[in-house]
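Here is a short briefing on one protein model. Keep the sequence and the 3D view open while reading.

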Amino acid sequence: MKLSVWAKLQGVSYKTAWRLWRAGKLPVPAEQLESGTVVVHAESQRSGGVALYARVSSSDQKDDLARQMQRLRAYAAQQQFEVVEEVGEVGSGLNGQRRGLLRLLHRSEVDVIVVEHRERLARFGFDYIEASLCAQGRRIAVVEDGEMADDVVRDLHDVMVSMCARLYGRRSARNRADRAMKALHG
């Protein structure tokens, strides 16, 4: 198949696939024809399954978490995915130590991780996670690819608390972050 088709199936841009091929890091065999077209030799389908990942920022959003998981299940059924695991977490999109997400990333038998929005997986660094999985022959399927601004204020607050804790100590970090947020809101 053409490199562009392979890239679309993997959920990456053609440009990313082209760069991987040029660097010799494409996870599947490929060759360039005389016409310049890069042809990917499709590997046999992996037998792994699909994992559904949902996340909300706070425990008062648990109803939202359940609805998010329902939408992911409906999408997986529509795509005829074989779901092998469902993970729902409560935590900040900035937290890099979410146990459920880390477990999914470590499970090599999970070929596809389905998320509703990019921000549900990670507020920052989504592209790094996606590229890392692509290099392993795995991918992320994003149901709603549009940008989502929910929880930005909460995440900004979390960043400020973290930075204040480093500067001033943990005891006064939350108070200083709260005062900074009030100043931002006028």
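Two strands count as paired if DSSP finds at least two bridges between them. By that rule, strand β3 (residues 49-56) and β5 run parallel and are joined by four bridges. The model is predicted: local features need pLDDT of at least 70, side-chain atom pairs count only at pLDDT 80 or more, and totals for chains, interfaces and linings use all residues. Residues are numbered from 1 along each chain as its sequence is written, and side-chain values use heavy atoms, with hydrogens and water left out.

**Overall layout**

- The protein has eight helices and six strands. These are DSSP runs, numbered from the N terminus: helices are H or I with at least four residues, strands are E with at least two.
- The order from the N terminus is α-α-β-β-β-α-β-α-β-α-α-β-α-α.
- Of the 186 residues, 39% are buried. Buried means under 20% relative accessible area, exposed means over 50%, and partly exposed lies in between (1.4 Å probe, protein chains only).
- Among contacts with a separation of 6 or more, 60% come from residues 24 or more positions apart. A contact means heavy atoms within 4.5 Å.
- Areas come from the Shrake-Rupley method with a 1.4 Å probe; for residues, only the protein chains shown count as cover.

- Six of the six residues of β5 (residues 110-115) are buried, so the strand is largely enclosed by the rest of the structure.

**Salt bridges**

- The structure holds seven salt bridges. Each is a side-chain nitrogen of Lys or Arg within 4 Å of a carboxyl oxygen of Asp or Glu.
- Glu-85 and Arg-107 form one of them, at 2.2 Å from N to O. Glu-85 sits in strand β4 (residues 83-90) and Arg-107 in the loop between α4 (99-106) and β5, so the pair ties together parts 22 residues apart in sequence.
- Glu-85 is buried, at 12% relative accessible area. Arg-107 is partly exposed, at 23%.
- Arg-107 also meets Glu-109, at 2.7 Å from N to O. Glu-109 is partly exposed, with 39% relative accessible area.
- Asp-127 bridges to Arg-118, with the closest N and O atoms 3.0 Å apart. Asp-127 is partly exposed at 46%, and Arg-118 is partly exposed at 22%.
- Salt bridges with shared partners link Glu-85, Arg-103, Arg-107 and Glu-109 into one network.

**Aromatic pairs**

- There are two aromatic pairs. Rings of Phe, Tyr and Trp (its six-membered ring) pair if their centres lie within 6.5 Å; planes under 30 degrees apart count as stacked, over 60 as edge-to-face and the rest as tilted.
- One of the pairs is Trp-18 with Trp-21, tilted, with 5.3 Å between centres and 35° between planes.
- Both lie in helix α2 (residues 14-22), three residues apart, and are separated by about one helical turn.
- Trp-18 is partly exposed at 27%, while Trp-21 is buried at 18%.

**Surface patch**

- Met-1, Val-5 and Leu-9 make a nonpolar surface patch of about 250 Å². Patches use residues with over 30% relative accessible area and no salt bridge; like charges are joined within 9 Å, nonpolar side chains (Val, Leu, Ile, Met, Phe, Trp, Tyr) within 5 Å.
- Met-1 lies in the segment before α1 (3-10) and is partly exposed at 36%.
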